[in-house]
Amino acid sequence: MKKIAIIMLSVLYIQMAAQNGKIFPTIIGETLDGKAISLPIKNNKKTIVAWVFSRSAEDELKKWLNPLYSTFMDKPKGKPAFGQTVYDVNFVFIPLIGGLKKIREDFKATTDKGFWPYIMDTDKFDMKLQADLLGIKDKSVPYIMVLDKDGKIIDTQSGKYNEDKEEKIEEAVDE
């Protein structure tokens, strides 16, 4: 049983590492507040992309949203607290809400408007192709990727949220 667990973890690690070093494929869409967006974002900042390739992975991706938003996007008013890191990054959350207007509208209705500028609808984009381009085999889990300012993937985390994974994302952003 222990050998099976080690093998499964090794396969997951190899799959995550397979994306690192690749240029993130171009994706065009719009945010939930109606603004056009294209990835990778070319504004001389690193970008965090949290996304899924199946509707079944969306619930797990939603568990990443609040912690990632709090860490990377929620800026303190005034001067940061002692020891508080303030990040200057792009953040994009990509659920699979495209294709059916009702699904998109239901998602909007249950999502805080403060998140809308960071949520990308890829209605007319082939997400299966994006997964294939990146060599993603397990489409049942969410993926969080850190892109450098040129759009190269420098870190990939996947699966359920935990603080260790978030810490690895922070380390990649700090590099």
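## Salt bridges

The structure holds 4 salt bridges. This is a predicted model. Side chains of opposite charge can pair when their charged atoms come close.

Start with Asp88 and Lys45. Their side chains meet in a salt bridge, at 2.9 Å from N to O. Asp88 has a relative accessibility of 54%, so Asp88 counts as exposed. Lys45 has a relative accessible area of 26% and is partly exposed.

## Bridges within a helix

Next comes helix 2. The side chains of Lys63 and Glu60 form a salt bridge there, at 3.1 Å from N to O. Both residues belong to helix 2. They are 3 residues apart, which is about one turn of the helix.

Asp132 and Lys128 join their side chains at 3.2 Å, N to O. The two are 4 residues apart in helix 4, so about one helical turn separates them. How accessible is each partner? Asp132 is partly exposed, at 42% relative accessibility. Lys128 is exposed, at 54%.

## The buried face of helix 4

Helix 4 covers residues 127–134. Which of its residues are buried? They are Met127, Gln130, Ala131 and Leu134. Seen down the axis of helix 4, these buried residues fall within an arc of 100°, so they line one face of the helix.

## Overall build

Now step back to the whole protein. How many helices and strands does the protein have? It has 5 helices and 7 strands. Along the sequence, their order is α-β-β-β-α-β-α-β-α-β-β-α. The protein has 175 residues, and 45% of them count as buried.

## A negative patch

Where does negative charge gather into a patch on the surface? A negative surface patch is formed by Glu163, Asp164, Glu167, Glu171, Asp174 and Glu175. Take Asp164 from this group. Asp164 is in helix 5, which spans residues 163–174. Its relative accessible area is 55%. The cut-off for exposed is over 50%, so Asp164 is exposed.

## Two loop residues

Thr26 lies in the loop between helix 1 (2–19) and strand 1 (27–31). Thr26 is partly exposed, with a relative accessible area of 48%. Ser38 is 12 residues away from Thr26 in sequence. In space, the two are 6.9 Å apart, C-alpha to C-alpha.

Phe115 is also a loop residue, placed between helix 3 (101–109) and strand 5 (120–121). Is Phe115 buried or exposed? Buried means under 20% relative accessible area. Phe115 has 12% relative accessibility, so Phe115 counts as buried. Phe115 and Phe93 are 22 residues apart in sequence. Their C-alpha atoms are 9.0 Å apart in space.

Definitions and conventions: Residues numbered from 1 in each chain as written. Predicted model: local features only at pLDDT ≥ 70, side-chain atom pairs only at ≥ 80, totals over all residues. Heavy atoms only, no water. Buried < 20%, exposed > 50% of the residue type's maximum accessible area, 1.4 Å probe, protein only. Arc of directions from axis to C-beta. Patch = residues over 30% accessible without salt bridge, like charges linked within 9 Å, V, L, I, M, F, W, Y side chains within 5 Å. Areas by Shrake-Rupley, 256 points an atom, 1.4 Å probe, with all protein chains shown as cover. Lys, Arg positive; Asp, Glu negative; His and termini not counted. Charge placed at Lys NZ, Arg CZ, Asp CG, Glu CD.
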